[in-house]
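Please open the structure in your viewer and keep the selection tool at hand.

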Amino acid sequence: MRATPKNLLWVCLGLCALMVAALFIGLWLGTVSITPGQFLAWLGGKLEGAPAIILGQLRLPRLLLAGLVGACLGLAGAVFQAMLRNPLAEPFILGVSGGAACGAVFAVLVGIAGLWLQSLLAFAGALGTVALVLAIARRRGSLETSTLILSGVMINAFFTALIMFVISTTSNQKLHAILFWLYGDLAAASLPKVYLLLPVTILGGAVVMLYAKHLNLLTAGGMAAAALGVAVERVKLTMFLVVSLLVGVTVSLSGLIGFVGLMVPHLVRMTLGHDHRLLLPASALFGASFLMLADTAARTVISPSSLPVGVVTAFLGAPFFVLLMARRGSRWW
């Protein structure tokens, strides 16, 4: 599909409608049954008591946070795949999410309180991991695809083992409590977390959109992009900073939610094509809908208990990753 203003408008409107539908479905479904009459009364501001608390103070913040997390991860995956020219690149597989989780756990371990400071350390962990993965994978001035993915997988495994070791050997009760969080859990969602992630998502998304044309050129290769006037290193540095910020803050608020950054950009690319002027906003909006629906499934599939949403995305993402590996991404890249 051509990235004309008209097409962009219709795509965004369609995906916004999908996002609103996912929000309503998530509000309606849950362990406690909400009748259509109660739901409509809540929408009109006339519902009181326990159902109003469940909808307004539990499900709504959780769904809003899920939407923002999904948007950030969808954007991050699309940017990583364009910059690294690798269809398998995404924050979880590259170990960036693991590095951010390490930063967040370290903040809890040393007693740093406050969402902003914990998110800042998670951002530092994500940024350090990006630099480490690129340093390991770079040989003779070029990035080898297989080395890049293997480096990310190994670093992710190392960080996961490090976090588990710290949790197992400490008496800090807070660290034991976040074990569930490591699997990607939105049960502790709150409006302050939404207020923290919302400006980060808007700012990061706006910066990434400014570089959509540059990402189109970078997919043709660094030399080709440079020949067309792109300041390749400056663009990559800016994008790595922005994506690390998105992933770091996201992980500090929601834990490790894998494969969203892999599946969402590919599904959008299969439908809309490769132009990042369409792909980036569509990945953000579709990622928001995708994770809201995944979290609704996590809350309802084994009701009255619930699963971490990271378990649901892993169930979906692992087969998708194997399929991409088998086809080497050629069908969609």
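**First stop: helices α12 and α13**

Select Val260, Met263, Val264, Pro265, Leu267, Val268, Arg269 and Leu272 in α12; they meet Leu278, Leu279, Ala282, Ser283, Phe286, Gly287, Phe290 and Leu291 in α13. Contact here means heavy atoms within 4.5 Å. Helices (H or I, at least four residues) and strands (E, at least two) are DSSP runs, numbered from the N terminus.

Before continuing, note that this is a predicted model, in which local features need pLDDT of at least 70 and side-chain atom pairs count only at pLDDT 80 or more, while totals for chains, interfaces and linings use all residues. Residues are numbered from 1 along each chain as its sequence is written, and side-chain values use heavy atoms, with hydrogens and water left out.

Two packed helices are described by the angle between their axes and the distance between the axes. Now display helix α12 (residues 260-272) together with α13: their axes come within 9 Å and cross at roughly 125°. The α12 helix is therefore oblique to α13. Axes are lines fitted to C-alpha atoms, for helices over the stretch in contact, and angles run from 0 to 180 degrees between N-to-C directions. Angles under 35 degrees count as roughly parallel, over 145 as roughly antiparallel, 65 to 115 as roughly perpendicular and the rest as oblique. The crossing of α12 and α13 is right-handed. A crossing is left-handed if the near helix is turned anticlockwise from the far one by less than a right angle, and right-handed if clockwise.

**Second stop: the loops beside these helices**

Select histidine 274, which is placed in the loop between α12 and α13. Histidine 274 has 43% relative accessibility and counts as partly exposed. (Buried means under 20% relative accessible area, exposed over 50%, and partly exposed in between, with a 1.4 Å probe and protein chains only.) Its C-alpha atom is separated by 26 Å from that of valine 153, a residue 121 residues apart from histidine 274 along the chain.

Next, select phenylalanine 259, in the loop between α11 and α12. The phi angle of phenylalanine 259 is near 75°, a positive value in a residue other than glycine. Phenylalanine 259 is buried, at 11% relative accessible area.

Then move to the loop between α13 and α14 (309-327), where proline 304 lies. Serine 303 and proline 304 are joined by a cis peptide bond, with omega about 15°.

Return to helix α13 (residues 276-300) and select serine 289. Is serine 289 buried or exposed? Serine 289 is buried, with a relative accessible area of 1%. Leaving aside neighbours within four places in sequence, serine 289 is in contact with Leu15, Leu18, Met19 and Ala22. Show also alanine 21: it is 268 residues apart from serine 289 along the chain, yet their C-alpha atoms are separated by 8.4 Å.

How many aromatic pairs does a search of the whole structure find? The search finds seven. Rings of Phe, Tyr and Trp (its six-membered ring) pair if their centres lie within 6.5 Å; planes under 30 degrees apart count as stacked, over 60 as edge-to-face and the rest as tilted.

Select tryptophan 28 and phenylalanine 39: their ring centres are 6.0 Å apart and their planes are at 5°, so the pair is stacked. Tryptophan 28 lies in helix α1 (residues 5-28) and phenylalanine 39 in helix α2 (residues 36-43), so the pair ties together parts that are 11 residues apart in sequence. Tryptophan 28 is partly exposed at 39% relative accessibility, whereas phenylalanine 39 is buried at 6%.

Display α2 and α3, whose axes come within 10 Å and cross at roughly 70°. These two helices are therefore roughly perpendicular to each other. The crossing of α2 past α3 is right-handed. Gln38, Phe39 and Trp42 of α2 make the contact with Pro51, Ala52, Leu55, Gly56 and Leu60 of α3.

**Last stop: the cysteines**

A disulfide is a covalent bond between the sulfur atoms of two cysteines. Counted as a pair of cysteine sulfur atoms within 2.5 Å, disulfides number zero in a search of the whole structure. Select cysteine 16: the closest cysteine sulfur, in cysteine 12, is 6.3 Å from its own, too far for a bond. Finally, select cysteine 72, which is buried at 1% relative accessibility. The sulfur of cysteine 72 is 15 Å from the closest cysteine sulfur, in cysteine 16, which is also too far for a bond.
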